[in-house]
Amino acid sequence: MAFHHDAPLLLRINTNRAGRMGGGECDEAENQRWPPWLKPLLATSFFGQCKMHADAHKCECNMYCLDCINGALCSQCLACHHGHHAIQIRRSSYHDVIRVSEIQKVLDITGVQTYIINSARVVFLNERPQPRPGKGVTNTCEVCERSLLDTFRFCSLGCKIVGTSGEFRGRKRHAGGKKMKLKLKKAAASDSDDSSTITSGGSDKSSVVQSFTPSTPPATANSYRSAKRRKGIPHRSPFGSLIVEF
């Protein structure tokens, strides 16, 4: 059986930060919201070689025991976890995923976008950074701003944990207030610029029109004669009076 005693660094940092920011009671409430195995699961590295069964044919660590919470396991390690609730982690584009049919039995995944990979519906464990949203995107993850369908709020289980925490909601509300004030300032500045542009444009309108409109040339004697000239009398074709004799 493979036991990994190294505590995940990411989990320790998040736990201590929550304790400092919200106090012991807030930290305890946040931890009670989720199963005790969820945060350790998200901080675990999978698909490494099992140290206990390195000589086995299948020694890739892609299993996790929700009862023992002792790190990634290989298929050989499961013999020591008989009767325990173990789940299998899969990989898509170098990111860890889990099938919806497995995780939804033990965790509420409402609001997390699901994907169909190899004919199976899955969810991602952690966020996947995205440089910029695509064109025409109307909905993004509330935490990492990854493009989502309109019916979802988060792109992964990790983003849901962060996005539903009290600390994140307060920070987001504060940031939203700053953005709204900035938008109002920009709108006021834009309105003042538009009004000044309209005022100055009205006074300069005549000069602009005169500068681009060509002036009418003065009338001359030749132009007067051409305007008064009548059309001449039409003449018959010279071949009309030709008599053809045989």
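These questions and answers walk through a predicted model of one chain.

Trainee: How many helices and strands does the chain have?
Mentor: From the N terminus on, the order is α-α-β-β-β-β-β-α-β-β-α-α-α-α. The totals are 7 helices and 7 strands.

Trainee: What share of the residues in the chain is buried?
Mentor: The chain has 246 residues. A residue counts as buried under 20% relative accessible area. The buried share is 27%.

Trainee: What part of the accessible surface belongs to carbon and sulfur atoms?
Mentor: The accessible surface of the chain comes to about 18000 Å². Of that, the part from carbon and sulfur atoms is 55%.

Trainee: In what order do the 3 strands of the open sheet lie?
Mentor: Strands β2 (72–73) and β3 (86–88) are the edges, each pairing on one side only. Strand β1, residues 63–65, is joined to β2 by 2 bridges. The pairing in the sheet is antiparallel. The order is β2-β1-β3.

Trainee: Which residue in β2 is the bridge partner of tyrosine 64?
Mentor: Strands β1 and β2 run antiparallel. Tyrosine 64 lies in strand β1. Its bridge partner in β2 is alanine 72.

Trainee: Which residue takes a positive phi in the hairpin of β4 and β5?
Mentor: Strands β4 (residues 90–92) and β5 (residues 95–99) pair in the antiparallel sense over 3 bridges. The hairpin has 2 residues between the strands. The residue with a positive phi, near 50 degrees, is serine 93.

Trainee: What is the bridge partner of isoleucine 98 in β7?
Mentor: Strand β5 is also joined to β7. They run antiparallel, with 3 bridges. The partner of isoleucine 98 is valine 123.

Trainee: Is isoleucine 69 buried, partly exposed or exposed?
Mentor: Isoleucine 69 sits in the loop between β1 and β2. Its phi is positive, about 50 degrees, although it is not a glycine. Its relative accessibility is 30%, so isoleucine 69 counts as partly exposed.

Trainee: Is asparagine 118 buried or exposed?
Mentor: Asparagine 118 is in the loop between β6 (115–117) and β7 (120–124). Its phi is also positive, near 55 degrees. The relative accessibility is 73%, so asparagine 118 counts as exposed.

Trainee: Which backbone oxygen does the side chain of threonine 44 reach?
Mentor: Threonine 44 is in the loop between α2 (38–42) and β1. At 17% relative accessibility, it counts as buried. Beyond four places in sequence, threonine 44 touches Tyr64, Gly71, Ala72 and Asp96. The side chain reaches, at 2.6 Å, the backbone oxygen of proline 40.

Trainee: What separates the C-alpha atoms of isoleucine 161 and tryptophan 34?
Mentor: Isoleucine 161 lies in helix α4 (residues 157–163). It counts as buried because its relative accessibility is 10%. Its contacts, leaving aside neighbours within four places, are Trp34, Leu38, Lys39 and Leu42. Isoleucine 161 and tryptophan 34 are 127 residues apart along the chain, yet their C-alpha separation is 8.2 Å.

Trainee: How many residues does the largest nonpolar core have?
Mentor: Those with the most contacts inside the core are Trp37, Ile103, Leu107, Val123 and Leu157. Elements that each supply at least two of its residues include α2, β5, β7 and α4. Leucine 157 touches Ile103, Leu107 and Val123, among others. The residue count of the core is 39.

Trainee: Which angle lies between the planes of phenylalanine 46 and tyrosine 64?
Mentor: The count comes to 2 aromatic pairs. Phenylalanine 46 and tyrosine 64 form one of them, at 6.2 Å centre to centre. The pair links the loop between α2 and β1 with strand β1, 18 residues apart. The pair is edge-to-face, and the angle is 70 degrees.

Trainee: What is the centre to centre distance for tyrosine 115 and phenylalanine 124?
Mentor: Tyrosine 115 and phenylalanine 124 are both buried. Their pair is edge-to-face, with 85 degrees between the planes. The centre to centre distance is 5.2 Å.

Notes. Residues are numbered from 1 along each chain as its sequence is written. This is a predicted model: local features need pLDDT of at least 70, side-chain atom pairs count only at pLDDT 80 or more; totals for chains, interfaces and linings use all residues. Side-chain values use heavy atoms; hydrogens and water are left out. Two strands pair if DSSP finds at least two bridges between them. Helices (H or I, at least four residues) and strands (E, at least two) are DSSP runs, numbered from the N terminus. Buried means under 20% relative accessible area, exposed over 50%, partly exposed in between (1.4 Å probe, protein chains only). Contact means heavy atoms within 4.5 Å. A polar contact is a pair of N or O atoms within 3.5 Å; within protein, one must be able to donate a hydrogen and the other to accept it, and residues adjacent in sequence count only if both atoms are side-chain atoms. A nonpolar core is a set of buried Ala, Val, Leu, Ile, Met, Phe, Trp, Tyr and Cys residues joined through side-chain atoms within 4.5 Å. Accessible areas come from the Shrake-Rupley method with a 1.4 Å probe; for residues, only the protein chains shown count as cover. Rings of Phe, Tyr and Trp (its six-membered ring) pair if their centres lie within 6.5 Å; planes under 30 degrees apart count as stacked, over 60 as edge-to-face and the rest as tilted.
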